[in-house]
Structures are given as C-alpha cells and as structure tokens.
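Have the sequence and the coordinates open side by side for this one. We'll walk through it a region at a time.

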Amino acid sequence: MKNVVIKTDKLTKKFGDFIATDAITFEVYEGEIFGFLGANGAGKTTAMRMLCGLSIPTSGGATIAGFDIYKEAEKIKANIGYMSQKFSLYEDLTVIENIRFFGGVYGLSDKEIKEKSDDLIDLLGLKEESKKLVGSLPLGWKQKLAFSVAIIHDPKIVFLDEPTGGVDPVTRRQFWDLIYEASNRGITIFVTTHYMDEAEYCNRISMMVDGEMKALDTPTNLKKTYNAASMDEVFFELARGAKRQAD
Ligand SMILES: Nc1ncnc2c1ncn2[C@@H]1O[C@H](COP(=O)(O)OP(=O)(O)O)[C@@H](O)[C@H]1O
Ligand SMILES: [Mg+2]
C-alpha cells in the first residue's frame with residue numbers, strides 16, 4: 001500500500017465568478033516526484049497555494065501530510081517547504097546570512113543551523129560565494145539556494161513552483177540533481193513546470209487545462225494514451241483548445 005501524503009477532493013478556488021482551480025481531485029504518494037503541468041494561467045500556482053495552507057479554498061477539501069487545509073494550516077506549514085515562483089531569498093543578505101535566517105524561521109537550533117549551512121555550502125559548491133550578497137549571484141544559483149533553504153528543516157513534502165524558470169538546460173539539469181537527492185532522502189516533491197524535459201523526470205504527471213485536471217499518469221502511460229512520441233506532443237494534445245494561455 002502506498003502512503004498518501006496529499007489528497008484533494010474537488011478542490012476549487014474562485015476569484016469572483018472566475019474559476020481559477022476547478023474541482024481538482026487527486027492523490028500524491030509518499031516519496032513521489034509529482035509533476036504539475038499546464039500552460040500559463042492554467043491554475044497551478046492557485047492550487048499550490050491552497051495546498052500549502054496559504055490560500056483558503058472556495059470549496060472542496062484537501063489533507064496535506066495528514067492535516068486538513070481548513071483546520072490545520074499551521075501544522076501543514078511546519079511539515080512542508082515551499083519555493084514560490086518569485087522565490088523569497090533576501091537579495092541584500094549574503095548566502096550564509098540567508099541560510100541562517102531561514103534555518104531560524106524553520107525552527108532549527110543554532111547547532112543545527114551551523115551544521116546545515118556547512119553541508120549546504122559544500123553541496124552547492126558555494127564556498128567562494130558564501131559571503132557574497134545573494135543579489136549578485138546568477139539566477140541558477142539563486143534557484144538552487146532557494147530550493148536548499150526550502151528543505152533545510154527536512155519537511156515531508158516540498159512544493160516547487162516553476163523552480164527553474166528562465167535558466168539554461170544545463171543549470172536545470174543540475175537543479176534536478178538536487179531534487180533527486182532530496183527525493184532519495186524521502187522528501188515528496190510536488191513541482192510545477194512547463195518544461196517538457198523536466199516532465200520526463202517525474203514519476204507521475206498531472207496536466208492542468210483551464211483550471212481543470214485533464215490527465216494524471218506516468219510519462220510512459222501518458223505517451224501511450226495519447227499515442228505521442230514525446231511529452232511535448234502529450235502537452236499540445238491536451239492543451240489544444242485551452243482558453244487560458246497567457247499570463
Ligand atoms: N488573486 C487573484 N485574483 C484574480 N485572479 C487571479 C488571482 N490569482 C490568479 N488569478 C487568475 O487565475 C488564473 C490562474 O492563475 P495561476 O494559478 O497563477 O496560473 P498558473 O500558475 O498555472 O500560471 C489566471 O487567469 C490568473 O489571472
Ligand atoms: Mg504559476
């Protein structure tokens with residue numbers, strides 16, 4: 001039996017009459033790398049913010065790590081990490097100051113923070129840069145650092161909202177090495193992307209179109225179902241006729 005760590009039931013968010021996320025129902029298993037795909041405006045960020053306990057649904061329900069999104073949002077926040085689309089590092093603090101700051105926010109002791117920061121700096125190869133302002137780093141390094149601080153407290157689940165936007169394929173690949181490393185340590189990964197090479201790295205993929213979840217399966221099965229040679233083709237087949245395409 002697989003352990004379910006995210007379970008939603010017709011989860012819906014409206015802004016006025018506009019249905020941003022439309023009754024999505026799905027489960028994510030412990031240890032999975034779960035891809036959340038969809039064109040710009042499909043409703044990914046809106047759904048993710050509800051799952052993180054940051055936004056109250058209009059209707060429907062969900063449990064995250066066993067906690068109810070209406071009644072136990074604080075417990076959810078203690079058990080997850082979240083890297084938002086415009087991720088939240090302090091540009092005017094150094095690398096090491098950012099690590100210490102987020103370690104403190106997530107409730108680590110001074111000793112744990114010291115150990116974690118040494119490990120992190122090593123893992124990321126940022127020894128030379130540790131005293132540089134984050135604002136001066138290339139985007140790819142900021143993304144890797146933002147991911148690392150999002151999991152500094154060893155959460156059960158980490159939510160990544162387009163974590164590799166705007167960087168080259170090599171840097172994206174390095175970022176995915178970090179994701180695999182976290183996954184191997186047992187952290188469940190919930191990641192939105194619109195890069196189809198990244199979709200191939202996921203265990204299962206869901207596809208959002210105009211707020212609805214149109215498909216959910218492994219990359220291999222999706223390609224079979226849609227008689228497609230690549231995830232690109234699956235994506236275009238599913239997104240055909242979508243109304244929302246732009247930001
Ligand atoms: N706070 C808000 N108020 C009104 N409309 C919103 C708000 N947040 C998002 N939307 C709309 O909901 C739709 C889905 O947005 P979003 O969840 O950000 O999509 P995605 O992350 O898939 O690009 C978009 O049309 C967006 O304009
Ligand atoms: Mg988004």
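Below we go from the overall fold to the ligand, then to one arginine, and finally to the cysteines.

A word on the ground rules: this is a predicted model, so local features need pLDDT of at least 70 and side-chain atom pairs count only at pLDDT 80 or more, while totals for chains, interfaces and linings use all residues. Residues are numbered from 1 along each chain as its sequence is written, chains are lettered from A and ligands numbered from 1 in the order in which they are written, and side-chain values use heavy atoms, with hydrogens and water left out.

Across residues 6–235, the chain is 37% helix and 27% strand, with 24 Å between the end C-alpha atoms. Helices (H or I, at least four residues) and strands (E, at least two) are DSSP runs, numbered from the N terminus.

Now zoom in on ligand 1. Residues near it (a heavy atom within 4 Å) include Phe15, Phe18, Ala20 and Asn40, along with Thr45 and Thr46. Strand S2 (18–24) and helix H1 (44–51) are the elements that give two or more residues to this shell, and H1 gives the most, with three. Look for the polar contacts too, meaning pairs of N or O atoms within 3.5 Å; within protein, one must be able to donate a hydrogen and the other to accept it, and residues adjacent in sequence count only if both atoms are side-chain atoms. Oxygen atoms of ligand 1 lie 2.7 Å from a backbone N or O atom of Gly41, 2.9 Å from a polar backbone atom of Gly43 and 2.8 Å from a backbone N or O atom of Lys44.

Next, find Arg204 in strand S10 (residues 204–209). Arg204 counts as buried because its relative accessibility is 14%, where buried is under 20%, exposed over 50% and partly exposed in between (1.4 Å probe, protein chains only). Its side chain reaches the backbone oxygen of Glu27 at 2.8 Å. Beyond four places in sequence, its contacts (heavy atoms within 4.5 Å) include Tyr29, Phe34 and Asp217.

What about disulfides, pairs of cysteine sulfur atoms within 2.5 Å? There are zero. The sulfur of Cys52 is 16 Å from the closest cysteine sulfur, in Cys202, so the pair is too far apart for a bond. Cys52 is buried at 1%, and Cys202 is buried at 4%.

How values were computed. Disulfide = S-S within 2.5 Å.
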